[in-house]
Amino acid sequence: MPRYSYGRGDTPWVPDGDPFFRGVNMLLDRSMLQPGTLARSENKRLRDGVAATRPGTTSPGDFNPAFENTIIGSGIYSNPNGEEVMLVATAGANYVWALQFGKDPVQIQIDPAGDPTGLTGNGIVNFVQAFDKVFLLRVPVVGPNAILVWDGIAGNKFTEIALSPIGLNLIPATWDGRPFQNRILLYSPYFTALPGRDRVIMTDPLDYTSYDSILGQFRINAGESDLITSVVPYFRGAILVFMLHSVHMLENFTIDPFQASQRLLNGQIGSVGYQMPLQVGADVMFLSRPGGIYRVSEIALDEIKTPPVPVSRPIQPIIDRINWDWANLAACSAQVGDQSYFAFPLDATSGGSNVITVFNNITNEWESAPDSWGDLSFRINRMHVTLYNGSPRLFALDFAAKRIYLMYDGVQDEINGDFWPVRDVMETRGYVSNDPGSFKRFERVLLGLRTYDPSAIVTALSDGVNEEKVIATITKDRLRFYVHAHPPFDPIAGDPNEAKRKDYSLGGDQNFAIEDFEDLPVGRLDFIPGSPFVFNGVKQQSLEKFQIRQNGRWCSIRVENNQGQCDVLGVGVDALPSAQEGIKTLA
Amino acid sequence: MSFAKTINKGGTDKTVIHDVRAFLNQPIEAPDWTDLRVGWFLSVCGSADPADDDRISGAPTLAESFTQAGPSDKWFIGIRNTGTNFPGESGVVFLGYTNHVPNQIGDATSLVSSDLGIGTTNSNYWRPKHGNGDILHLAKILDGESERWSNNDNIQTHFVQNIAGAGGYAVLHMLRFTRPSATSNAITMTMKQGVHTSDVLYTSTPSEPLIRSNLEAFPTTVQTFGPVTLSAVPDSIWLYWPFRNSRLRNHCCGFVKVG
């Protein structure tokens, strides 16, 4: 039965809308977008079809000891004989921090014996898992064999690498590396001089200290003087070698180096960002200038006959804003669960990335473009996934601010000790009410909401310059009920679980902040983190109806939330066709 | 910049130990408050890091006396408005325990062994004091370089020197601030009043529930400062311990907005 009935002389309204949301497409005109596609989605998540406000950001004490100096490198070390830890190097230190959830931070000392400096240095540090050990690689290289190794045993130090008794040649120091099958692959991303520019060194099998100086070195695309930006293990015994102007595959080289073959996957599309390529299932996604993010399966010219299309095409306006000069160092990526996260520096941002775009690997749609933070000094230099309270969680490191953030936790962003609300914005596609070619009178919008202490502004947009009309602001009184004449909620004596209350946030109840320091790590302290806003996870649902009264070929609805959480379950608009109402028609 | 360290005292009580003469300036958010209560579980320990992290008595003594050369030679336990200057300097509003007398230097700041008062019948406590006497310059309301309100006696603060004698290693100090409306700058400060003491309780199990319940049931016998119309409303907790032979330990702190 229809919700509304019409009299004999009434013109029926034509409904249009989205009962769910799948992704965002910023490239196409919004009147062309498919149902379920947003024209704008910032700080949103669409994982379950709801345009939900993304969770907040916290800086857990276990991961934030008093770093004496700026962070210059980090990595995840999975100790087969112990637990997974995040290793963090600070500038000029004679130790490395080992961090993990529920444990006090530990300093792993660097053994100065045999090492040229005995320090982390002032450049960049990369950590590479090497069987059950971990390498510490320094940029710039401090000596010909200046690789430090830690065995994962608490109390032991990072020590100078030593050739194994059966080894041929001690591996040279490089800038980075990757474990691959029974070997370690070493390379120097963005190294401009020969031989490091295009060389991949392969250690001997099951020996991370030794390599064959003749058969254990591979030069990639040497004829074009291209330089390596990253190396990623692939499948079937192959690795992908990403270079500045091309992408190559090196195959069949681990069993018998004489059988090795190199394949040019694409000579026009290169890769940017040595921390950027991301393996997602059997595919690898990488950033290329200026096209954006591609899949390797899309760019392999011997398999695909059409020009490659970047997977980031729907968010091309964001890609066009990337500060490419800083993307080499600052762009990074990570995957957790269904979602892949790509961090970029936008516009004139320097020192690190300032936004994250979120891609859903299941739906193959972009969910948020981008996530951003209220503190404009916030930077992301690395992203890692490691265990937090038993679950793999995304962490972001701000090197200059010496902060490590747990991403997407809580309802607020705690950045540099201050709390910021998550401000999210969504704009729907342009609703044309089954007739993209004619003007309509848009009368009303219906919004299905799921909120927690929201403060949202609803704006109707139509096809014209500055044709924006604020049609409503949405806040919810936590003391009021939807039931008519229901007495207000009593925060002291009332039942906090009584149904039909407008908002179940704890704002007014949380009238204290007391810190017993039990969550702080033992050791030096730079600051005392703020007491987080308590989020009880209870979001109330409601159906909101607002008048639009706007003419246009299409109508798009913007919902802009400035505090708490405002999830949009669905949007519907009702329009009067122009023919019946005598409204202006399209010329 | 590191200002303190965290230890796990007794394996059960994470404690923040300030570096010698290092301050804590912790912003608080309690919008529209009309009744704000702030409290700390505090103690003091020797200055040697880390040897004295848990030494509250013995040699070398924590007792000390020196001549004041400026605000950084006075103790402060209270709240202030955000800024980088010290309380007692231009633009800074401060309300709380302090021996600061604006524009006055040359007197002494001392930490003395004391009983739970101003005598020496036992040595269960340490007591900071002003050189002018045991009952003067104990708590103030300061606005810039002006002393807006000062009361004397019966609000002395003590810190534990003998755990068995005091009944615990941490002392609870609390302050209450009220104002007639959420937009008013006319602030009244109260604190517990006893016989030469303002200490609320001593415990070896300082905790968040304990400080919260005491803040909610604020003592009824109090000494009142103000109301005073101030140039700014305080929005930060401020702790500063000026001594060199001892360090301030913060076991738990926080605030409750009652109104």
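Student: How many helices and strands are there in chain A, and what makes a run of residues count as one or the other?

Tutor: Chain A has four helices and 45 strands, where helices (H or I, at least four residues) and strands (E, at least two) are DSSP runs, numbered from the N terminus. This is a predicted model, in which local features need pLDDT of at least 70 and side-chain atom pairs count only at pLDDT 80 or more, while totals for chains, interfaces and linings use all residues. Residues are numbered from 1 along each chain as its sequence is written, and chains are lettered from A and ligands numbered from 1 in the order in which they are written.

Student: How do you know whether the radius of gyration of chain A agrees with that of a compact globule?

Tutor: The radius is taken over C-alpha atoms, and the globule rule is 2.2 Å times the number of residues to the power 0.38. For 587 residues a compact globule would have a radius near 25 Å, and chain A has 28 Å, which agrees. Along its principal axes, the C-alpha trace of chain A spans about 95 × 65 × 40 Å.

Student: Why is Gly152(A) called partly exposed?

Tutor: A residue is buried if 20 or more other C-beta atoms, placed from the backbone, lie within 10 Å of its own, exposed if 12 or fewer, and partly exposed in between. Gly152(A) has 18 C-beta neighbours inside 10 Å, so it counts as partly exposed. By this definition, 47% of the 587 residues of chain A count as buried.

Student: Where does Gly152(A) lie, and what makes another residue its contact?

Tutor: Gly152(A) lies in the loop between β13 (148-150) and β14 (159-160) of chain A. Two residues are in contact if their C-beta atoms, placed from the backbone, lie within 7 Å, and, leaving aside neighbours within four places in sequence, the contacts of Gly152(A) include Tyr77(A), Asn79(A) and Asp132(A). Pro80(A) is 72 residues away along the chain, and its C-alpha atom is separated from that of Gly152(A) by 8.9 Å.

Student: What makes β38 and β45 of chain A a pair?

Tutor: Two strands pair if DSSP finds at least two bridges between them. Strand β38 (residues 440-452) and strand β45 (residues 565-577) of chain A have 12 bridges, in the antiparallel sense, so by that definition they pair.

Student: Why are β1 and β43 of chain A said to stand at the edges of their sheet?

Tutor: The open sheet of four strands has the order β1-β45-β38-β43 (chain A), with antiparallel pairing. Both β1 (14-18) and β43 (540-552) have a single partner strand, so one side of each is left without a neighbour in the sheet.

Student: How many residues of chain B are in contact with chain A, and which strand of chain B supplies the largest share?

Tutor: There are 23 residues of chain B in contact with 17 residues of chain A. The largest share of that side of chain B, six residues, comes from β18(B). By class, this side has 11 nonpolar, seven polar and five charged residues, where Ala, Val, Leu, Ile, Met, Phe, Trp, Tyr, Cys and Pro count as nonpolar, Asp, Glu, Lys and Arg as charged, and the others, Gly among them, as polar.

Student: What joins β42 of chain A to β1(B)?

Tutor: Three bridges join strand β42 (residues 523-525) of chain A to β1(B), and the two strands run antiparallel. Leu525(A) stands opposite Ala4(B) in β1(B).
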